[in-house]
Amino acid sequence: MIIRKWSVALTGLLTVLMAGAFAPGALADGAVTEGQPPPRVELVLDVSGSMSERDMAGGQSRIAAAQQAFNEVIDAMPEEVYLGIRTLGAGNPGDDQVAGCVDSDQLYPVGPVDRLEAKTAVATLRPTTGFTPIGYALREADKDLGDDPGTRRIVLITDGEDSCGQPDPCVVARELAAKGTHLVVDTLGLTLDDAVRQQLSCIAEATGGTYTAVQDADQLADRIGQLVRRADVPVENPAAVEGAPQCADAPLLGAGVYTDRAEFGEPRWYRVPVRPGQELRASVSVAADRAMDPDHGVLLRAVSEDGQELTRGTGAGHGRTDVMSTGLRYPLPEPEEGDTSASVPVCLEVSNSFSVPEGQPRTPGLPVELSVDVVAGPDNPSDVAAFGLARGWVPLVLLTVVGLVAGVLWGLLVRMGIALGRAH
């Protein structure tokens with residue numbers, strides 16, 4: 001059951017989501033400047049029959065609590081943010097599934113907020129006994145926000161899962177993420193139902209958004225605090241880069257976050273200059289933005305310019321996934337006294353073993369996010385392999401010597417045992 005005083009909590013959470021989405025640090029390239037489109041957000045509210053349940057404080061219905069929360073959010077909206085409101089399951093009270101599964105209307109168009117007009121529209125909402133077409137509503141909300149560059153965010157509020165099945169909301173979320181328009185969908189679940197949680201989590205994760213379930217006052221306060229702290233952290237916008245099919249042609253990258261597209265079965269190469277005494281740290285995430293076969297993996301390799309593998313990171317899984325990630329660290333030894341060697345280019349190879357079922361599109365490639373950092377190397381690195389002690393002929397000699405010594409010792413022990421046995 002949703003906790004009492006839920007409307008106050010939801011108001012706070014929605015306000016924090018707005019602040020987080022459009023805080024100065026989060027705006028970055030999408031900040032409101034002359035010639036740039038303003039940040040846009042659309043609230044998508046479930047108005048199906050279950051929203052009429054009166055389990056709020058003082059016997060208030062869920063829809064009334066949502067209306068109260070919306071009104072307070074509208075009052076607090078910054079002038080520079082464009083707001084829109086869309087409903088789902090509001091206009092088809094019958095049992096016609098064909099009509100019910102396209103039952104989503106824009107209650108208030110995305111644009112500058114006329115507070116009186118927006119609150120008047122919210123006041124007209126009444127729950128019906130219709131369907132819950134979440135997938136369809138997400139597609140329509142994406143259209144409402146337009147294709148202009150800039151920050152785009154959907155906040156979905158529902159107390160149930162999609163009741164139509166097609167289009168599947170998770171598939172729709174991956175489609176929206178694959179468009180490359182930087183759309184983020186945050187989801188709020190007004191129930192503790194596990195199926196609802198799984199579906200709303202899938203939607204949020206596919207687009208880099210957040211899922212929040214309203215459970216009790218302490219958990220909700222903690223979640224709001226997390227969102228407030230997250231809003232204070234500057235967000236680094238990834239830079240677009242195009243990897244090469246081989247190391248020699250790879251782009252040279254500095255520390256930062258980069259995005260690319262990886263075609264199925266084709267590795268992408270990048271180069272990072274690292275000086276002696278520094279440590280390269282890299283991580284990569286490959287997003288499954290469409291239906292995938294159940295087995296998948298991702299590989300990140302650090303390779304020298306002459307083709308020698310330095311170290312690697314791998315990740316693998318089975319079943320449905322949205323993102324597969326891995327990382328690596330590679331320290332270069334401190335230079336010897338008098339050595340003025342310049343930086344050494346280290347090649348990074350990103351490859352994956354994702355595959356799509358028959359009928360699924362193979363283009364564009366999968367979204368790749370690569371994080372690169374170069375820091376001062378550790379004084380006593382634990383990874384001795386990075387300094388050549390476990391590569392080439394060195395490990396072969398060490399293993400040979402160890403094996404020879406172990407064999408001689410074992411032979412002596414056996415002979416001594418036999419001699420002692422005869423003596424007795």
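Analyst: Begin with one residue and its contacts, keeping in mind that the model is predicted. Leaving out residues up to four places away in sequence, Ile85 touches Glu42, Leu43, Phe70, Ile74, Asp105, Gln106, Leu107, Tyr108 and Val122. Ile85 belongs to strand β2, residues 82–88.

User: Is Ile85 buried or exposed, and why?

Analyst: Buried means under 20% relative accessible area. Ile85 has 0% relative accessibility, so it counts as buried.

User: How do I read a nonpolar core?

Analyst: In soluble globular proteins, nonpolar side chains tend to be buried together. Here the largest nonpolar core has 31 residues, and Leu300, Leu348 and Phe354 touch the most other members. The elements giving two or more residues to this core are β8 (256–262), β9 (268–274), β10 (278–287), β11 (295–303), β13 (323–331), β14 (344–352) and β15 (366–376). A second, separate core has 23 residues, among them Val41, Leu43, Tyr108 and Ile157.

User: Which residues is Leu348 in contact with, leaving aside neighbours within four places in sequence?

Analyst: The contacts of Leu348 are Arg268, Trp269, Tyr270, Val272, Leu280, Ala282, Leu300, Arg301, Ala302, Leu328 and Val372.

User: Which residues form a nonpolar patch on the surface?

Analyst: Val405, Leu409 and Leu412 form such a patch, with about 270 Å² of accessible area together. Val405 lies in helix α10, residues 393–423. Its relative accessibility is 44%, so Val405 counts as partly exposed.

Technical notes:
Residues numbered from 1 in each chain as written. Predicted model: local features only at pLDDT ≥ 70, side-chain atom pairs only at ≥ 80, totals over all residues. Heavy atoms only, no water. Core = buried A, V, L, I, M, F, W, Y, C linked by side-chain atoms within 4.5 Å. Buried < 20%, exposed > 50% of the residue type's maximum accessible area, 1.4 Å probe, protein only. Helix = DSSP H or I, 4+ residues; strand = E, 2+ residues; numbered from the N terminus. Contact = heavy atoms within 4.5 Å. Patch = residues over 30% accessible without salt bridge, like charges linked within 9 Å, V, L, I, M, F, W, Y side chains within 5 Å. Areas by Shrake-Rupley, 256 points an atom, 1.4 Å probe, with all protein chains shown as cover. Salt bridge = Lys/Arg side-chain N within 4 Å of Asp/Glu carboxyl O.
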